[in-house]
Amino acid sequence: MGNTINTNLITEEKEVENNLRPQNFDSYIGQEKIKNNLKIYIQAANERNEPIDHVLLYGPPGLGKTTLAGIIANEMGRSMKIVAGPAIEYPGEILAIVKQLPKGGVLFVDEIHRLSKPVEEALYSVMEDFAFDAVIENGEQTTVRRINLDRFTLIGATTRAGLLSAPLRDRFGIIHRMEYYEPEELAQIVINSAQKLNINNIDESGALEIGNCSRGTPRIANRILRRVRDYAQVKADGNITKQIVDDALSLLDIDTKGLDFTDRSILKTMITKFNGGPVGLDTLAAAIGEDAGTIEDVYEPFLVKCGFINRTPRGRQVTDFAYKHLGYTKIEK
C-alpha cells in the first residue's frame with residue numbers, strides 16, 4: 001500500500017490547472033500581437049466556412065501555448081484533440097488520429113519537434129494535401145494508396161523551434177513566437193485565477209509581487225499563487241498581501257527577482273568555479289549536476305532575458321548585474 005500512487009490527487013491537480021485556463025480571447029491576458037493576428041485569421045476563415053491554416057506556436061515552457069490552442073479551437077467552434085509528439089511512434093498512427101477528427105477539427109501536437117523522422121515525413125502530405133500515402137505490401141509487390149482526409153487545422157507547439165526541420169516548419173501557414181509576460185500582466189492573471197480558486201482576500205500589491213517573481217510565466221504565477229494561498233490560510237487568516245507573499249516566497253526559496261535555488265546555483269557556480277565565465281554549456285551542466293538541455297530550455301532563457309547571463313561565442317558569462325544581485329565582488333581577470 002505504501003507504494004500506491006493516489007491518482008485522484010494527480011487528477012485533481014490537473015483539473016485545477018485546466019480550470020485556470022481562459023477559454024476565449026477576451027479572457028486571455030497578454031500576447032496582444034498574436035491575439036490580434038489570430039482574431040483576423042479566424043474571422044476570415046469562419047466567414048469562408050473553412051479551418052484556418054496550420055499554426056506553429058513556439059517559445060519557453062509555461063507561456064500558454066496549449067491554452068492558446070484551445071482558444072483557437074473554441075473561437076472557430078471546433079473540437080480539439082491533444083497528443084504529445086513523442087507519443088506518435090508510427091506513421092499509421094497519424095492517419096488514425098486525423099481520421100478521428102470531425103471535419104474542420106483541430107489537432108494539437110505538443111513538443112512537435114520530438115516527432116520521429118518517419119512520422120514527420122508522413123505528416124508532410126497530411127498537412128499540405130490532406131492526404132495520407134499508405135504503403136501496402138502484397139508479397140513481392142508494393143503499392144501506394146492515397147487516402148484523402150477532411151481539412152483540419154494542425155497546431156504545433158514547441159519549446160525548441162530550431163530543432164524543427166525546414167520542410168515541416170514551412171508547412172505551417174501561421175507561425176508565432178510566445179513572449180515572456182510583464183509583471184503587470186501576470187498580476188492580472190493572478191487576480192483572475194484567485195477568483196476561480198475562490199481566493200477573495202488578495203490585494204493588488206500581493207498579486208503584483210507574485211507577478212514580479214514568476215519569471216514572466218503564467219504557469220509559474222499560478223503555481224506560486226496556490227502555494228501562497230496555503231501559507232496565507234495557515235499563517236494569515238487567508239489574507240494575501242505583499243508581506244505575506246514575501247514570507248511565502250522565502251519558504252519556497254524564491255528571491256525578489258524570481259530566481260530559485262537552481263538559478264542561483266547556476267550563477268554562483270559560474271562565479272566561484274569559473275570566475276564568471278565564459279563557460280560551455282556541457283561544462284556548466286556537469287558542474288551543477290543538471291541536464292544541459294534543461295539548463296538551455298528552462299533556466300537560461302529567463303536568466304538571459306533578465307540580464308544575469310550573456311551568451312558569447314566562447315560560452316555563457318555572468319553579468320555585473322548578477323554579481324550585484326548575489327552580493328559577490330567581481331574579480332578582474
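Select Asn275 to begin. Asn275 sits in the loop between α11 (261-274) and α12. Its phi is positive, about 50 degrees, although Asn275 is not a glycine. At 28% relative accessibility, Asn275 counts as partly exposed. Keep in mind throughout that this is a predicted model.

Next, go to Arg215. Arg215 is also a residue other than glycine with a positive phi, here near 60 degrees. Look for Arg215 in the loop between α8 (204-212) and α9. Is Arg215 buried or exposed? Arg215 is buried, with a relative accessible area of 8%.

**Helix α12**

Select residues 281-288. This is helix α12, and Ala285 is found in it. Ala285 counts as buried, at 5% relative accessibility. Show what surrounds Ala285. Not counting residues up to four places away in sequence, Ala285 touches Glu290, Asp291, Ala292 and Ile295. Now draw a distance from Ala285 to Glu296. Their C-alpha atoms are separated by 9.6 Å, and the two residues are 11 apart along the chain.

**The largest core**

Click Ile266. Which residues is Ile266 in contact with, leaving aside neighbours within four places in sequence? They are Leu284, Ile288, Ile295, Tyr299, Leu303 and Ile309. Ile266 is one of the residues with the most contacts inside the largest nonpolar core, along with Leu225 and Leu267. That core has 71 residues. Colour residues 218-235 next. This is helix α9, which gives the most to the core, with 7 residues. In soluble globular proteins, nonpolar side chains tend to be buried together.

Another core lies apart from the largest one. It has 28 residues, among them Met127, Phe130, Ala134 and Leu168. Stay on Phe130 for the next stop.

How many aromatic pairs does the structure hold? There are 3. Phe130 lies in the loop between α5 (117-128) and β4 (131-138), and Phe152 in the loop between β5 (141-148) and β6 (153-158), so the pair ties together parts that are 22 residues apart in sequence. Both Phe130 and Phe152 are buried.

**His54**

His54 is in the loop between α2 (32-47) and β1 (55-58). With 5% relative accessibility, His54 counts as buried.

**Zoom out**

Finish with the whole chain in cartoon view. Its secondary structure comes to 14 helices and 9 strands. Along its principal axes, the C-alpha trace spans about 70 × 50 × 50 Å. Of the 333 residues in the protein chain, 46% are buried. Take the contacts between residues at least 6 apart in sequence: 69% of them join residues at least 24 apart.

Switch to a surface. The chain exposes about 17500 Å², and carbon and sulfur atoms supply 47% of that area. Then colour by charge. The protein chain has 40 positive and 46 negative side chains. The centres of the two sets lie 2 Å apart.

Technical notes: Residues numbered from 1 in each chain as written. Predicted model: local features only at pLDDT ≥ 70, side-chain atom pairs only at ≥ 80, totals over all residues. Heavy atoms only, no water. Core = buried A, V, L, I, M, F, W, Y, C linked by side-chain atoms within 4.5 Å. Buried < 20%, exposed > 50% of the residue type's maximum accessible area, 1.4 Å probe, protein only. Helix = DSSP H or I, 4+ residues; strand = E, 2+ residues; numbered from the N terminus. Contact = heavy atoms within 4.5 Å. Phe/Tyr/Trp six-rings, centres within 6.5 Å; stacked < 30°, edge-to-face > 60°. Areas by Shrake-Rupley, 256 points an atom, 1.4 Å probe, with all protein chains shown as cover. Lys, Arg positive; Asp, Glu negative; His and termini not counted. Charge placed at Lys NZ, Arg CZ, Asp CG, Glu CD.
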